[in-house]
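Me: I have a structure open and would like to learn how to read it. Please take me through it step by step.

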Amino acid sequence: MQHIATHDRQLIFTPAIRIFHWLRALSILVLVITGFYIAWPFLVAPASTDVLVQGWIRFAHIIFGFLLTSITLVRFYLFFFSRINHERRSFKDVLSHRSWITQIKSYFWMGSLDKAGVYGPLQFMTYVAISFVALIMCITGLVLYANVYHLGIGGMLGDVSAWITGLCGGLAPLRIYHHYLTWAFIIFVMIHMYMAVWSGIRFKHNSVDSIVSGYDYHKVRK
Ligand code: HEM
């Protein structure tokens with residue numbers, strides 16, 4: 001039997017981009033949970049000095065904090081130098097006010113979404129914004145770290161940390177900024193997951209699966 005292809009597929013996310021996406025999702029999940037616990041350690045240790053609940057939670061926060069810091073740096077690099085330029089191409093749409101109108105209209109079921117790259121302009125700018133929030137989280141996180149650990153990386157960051165702490169008006173306000181910005185991730189993740197599922201249904205193409213498999217599918221035009 002002859003097989004007639006109704007869809008063709010296109011690689012839109014390289015393996016590196018997919019792996020970093022899911023590692024970042026995992027680190028954000030762990031950091032939000034452990035971070036809120038650090039802010040309000042509600043589990044009281046039993047009558048023993050050998051129970052380090054807060055210590056272990058803090059340890060996990062720091063491990064995933066360094067993981068997120070590394071991914072944030074690599075991801076900034078990949079945006080500019082990845083061998084696939086679908087992400088970079090989206091910047092063309094950001095500069096065109098027609099593309100903004102097209103995207104916003106398509107969200108209200110008017111017309112289709114024509115994009116130069118893999119993201120619409122609103123989507124692109126949201127990702128740029130959350131990437132910078134991640135950068136600020138990493139910087140403030142490293143400053144909090146350097147204030148407690150004075151050897152190794154902590155020691156290396158000592159001077160610059162003192163300078164950033166001064167800019168924020170002290171360690172307490174810096175810690176509050178680190179805390180408040182946690183909410184940006186919670187709000188982003190909820191909207192992001194909703195939009196990922198919704199856009200697959202709305203535009204009838206691959207959405208959540210493409211960040212797993214890397215491929216998007218398009219109907220073959222006859
Ligand atoms: C999505 C990213 C992150 C989230 C959501 C997050 C969240 C939080 C929250 C809510 C706190 C508690 C603040 C408070 O006491 O009110 C905290 C503390 C802390 N965070 Fe993060 N964090 C993130 C990334 C990082 C990174 C990248 C590092 C750097 C390694 C880091 C290092 C720390 C440290 C050392 C503390 C402890 C502060 C203390 O014990 O007083 N965090 N984080």
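Me: How many helices and strands does the protein have?

Reply: First, the ground rules. This is a predicted model, where local features need pLDDT of at least 70, side-chain atom pairs count only at pLDDT 80 or more, and totals for chains, interfaces and linings use all residues. Residues are numbered from 1 along each chain as its sequence is written. Helices (H or I, at least four residues) and strands (E, at least two) are DSSP runs, numbered from the N terminus. Here the protein has nine helices and two strands. The order from the N terminus is β-α-α-α-α-α-α-α-α-α-β.

Me: What does the C-alpha trace span along its principal axes?

Reply: About 70 × 40 × 35 Å.

Me: How do I read burial, and what percentage of the residues count as buried?

Reply: Count C-beta atoms, placed from the backbone: a residue is buried if 20 or more others lie within 10 Å of its own, exposed if 12 or fewer, and partly exposed in between. Of the 222 residues here, 17% count as buried.

Me: And contacts: what share comes from residues 24 or more positions apart?

Reply: Two residues are in contact if their C-beta atoms, placed from the backbone, lie within 7 Å. Take the contacts with a separation of 6 or more: residues 24 or more positions apart account for 66% of them.

Me: How can I check the length of a helix such as H5?

Reply: The expected span is 1.5 Å times one less than the number of residues. H5 has 28 residues, so it should span 40 Å; its end C-alpha atoms are 41 Å apart, which agrees. Now try H2. It has 29 residues and reaches 42 Å from first C-alpha to last, close to the expected 42 Å.

Me: Which residues of H2 are buried?

Reply: His61, Phe64, Gly65, Leu68, Ile71 and Thr72. Their cover includes H1 and H5. Look at Phe64: apart from neighbours within four places in sequence, Phe64 is in contact with Ser27, Val30 and Leu31.

Me: What covers the buried residues of H5?

Reply: The cover includes H2, helix H3 (86-94), helix H4 (97-107), helix H6 (152-156), helix H7 (158-167) and H8. Among the buried residues of H5 are Pro121, Phe124, Ala134, Met137 and Gly141.

Me: What is a nonpolar core, and which residues form the largest one?

Reply: A nonpolar core is a set of buried Ala, Val, Leu, Ile, Met, Phe, Trp, Tyr and Cys residues joined through C-beta atoms within 7 Å. The largest here has seven residues: Ile28, Leu31, Phe64, Leu68, Ile71, Ala134 and Met137. H1, H2 and H5 each give two or more residues to this core. H2 gives the largest share, three residues. A second, separate core of five residues includes Leu142, Val143, Ala146 and Leu174.

Me: Which residues are closest to the ligand?

Reply: A residue is near a molecule or strand if its C-beta atom, placed from the backbone, lies within 6 Å of it. The ligand is surrounded by 24 residues; the closest are Leu31, Gly35, Ala39, Gly65 and Gly141. Helix H1 (15-39), helix H2 (53-81), helix H5 (121-148) and helix H8 (171-203) each give two or more residues to this shell. The largest share, seven residues, comes from H1.

Me: How do the shell residues divide by type?

Reply: Ala, Val, Leu, Ile, Met, Phe, Trp, Tyr, Cys and Pro count as nonpolar, Asp, Glu, Lys and Arg as charged, and the others, Gly among them, as polar. The shell has 15 nonpolar, eight polar and one charged.

Me: Which residues does the UniProt annotation "transmembrane region" cover?

Reply: UniProt positions are given in the numbering used here, feature names are shortened, and annotations may be inferred rather than shown by experiment. The unreviewed entry marks residues 21-43, 55-80, 124-145 and 181-201. In the model, residues 21-43 are 83% helix and 0% strand, with end C-alpha atoms 32 Å apart. Residues 124-145 are 100% helix and 0% strand, and their end C-alpha atoms lie 31 Å apart.

Me: Is Trp109 buried or exposed?

Reply: Trp109 counts as exposed because it has 7 C-beta neighbours inside 10 Å. Trp109 is in the loop between H4 and H5. Its phi is near 65 degrees, a positive value in a residue other than glycine.
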